[in-house]
Amino acid sequence: MHELGLVFEMAKVIEDALKDEQVDAVDTVVMEIGEISSVVPHYFEACFPAARERPLLKDAKLEINLIPAVGRCRNCGTTFPIVENQGYCPDCGSFDKELLSGREFNIKEVRVR
């Protein structure tokens, strides 16, 4: 489960970004996780309490925004949800696509007190 390492890295990035600010505590961390990224949102959420061992994140809450996997067919140009269509274009049946979204793993927002 690499999500634990990602939680520790996320906490470090947040601490580094806020070190010169007048921030006492983080209230909420909002993450964006792509539907076909290598990060399992449920596991990331289960590991998040480990981040609370850091003083700045002691009482922080986690919000996860799941980003759908969307592709554009290179054959006909149709934009479609990849997972729902098992990777195949619903219009022409082609598997050849450009990935537009779905692999994200980002700290979208950090709300502070």
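Start at Gln86, in the loop between S4 and S5. You are looking at a predicted model. Check the backbone of Gln86: its phi is positive, about 50°, although the residue is not a glycine. Gln86 counts as exposed because its relative accessibility is 66%, and the cut-off for exposed is over 50%.

Next, select Ser94. This residue sits in the loop between strand S4 (79-81) and strand S5 (97-101). Ser94 is buried, because its relative accessible area is 16% and buried means under 20%. Show what surrounds Ser94. Setting aside neighbours within four places in sequence, Ser94 is in contact with Cys73, Asn75, Gly87, Tyr88 and Cys89.

Move to the largest nonpolar core. Its residue count is 19. Pick out Met10, Val26, Val29, Phe44 and Leu57, which have the most contacts inside this core. Then colour helix H1 (3-18), strand S1 (26-34) and helix H2 (41-47), the elements that each give two or more residues to the core. H1 supplies the largest share, 5 residues.

Last stop: another core, of 5 residues, lies apart from the largest one. Among its members are Ala69, Cys73, Phe80 and Ile82.

Note on methods:
Residues numbered from 1 in each chain as written. Predicted model: local features only at pLDDT ≥ 70, side-chain atom pairs only at ≥ 80, totals over all residues. Heavy atoms only, no water. Helix = DSSP H or I, 4+ residues; strand = E, 2+ residues; numbered from the N terminus. Buried < 20%, exposed > 50% of the residue type's maximum accessible area, 1.4 Å probe, protein only. Contact = heavy atoms within 4.5 Å. Core = buried A, V, L, I, M, F, W, Y, C linked by side-chain atoms within 4.5 Å.
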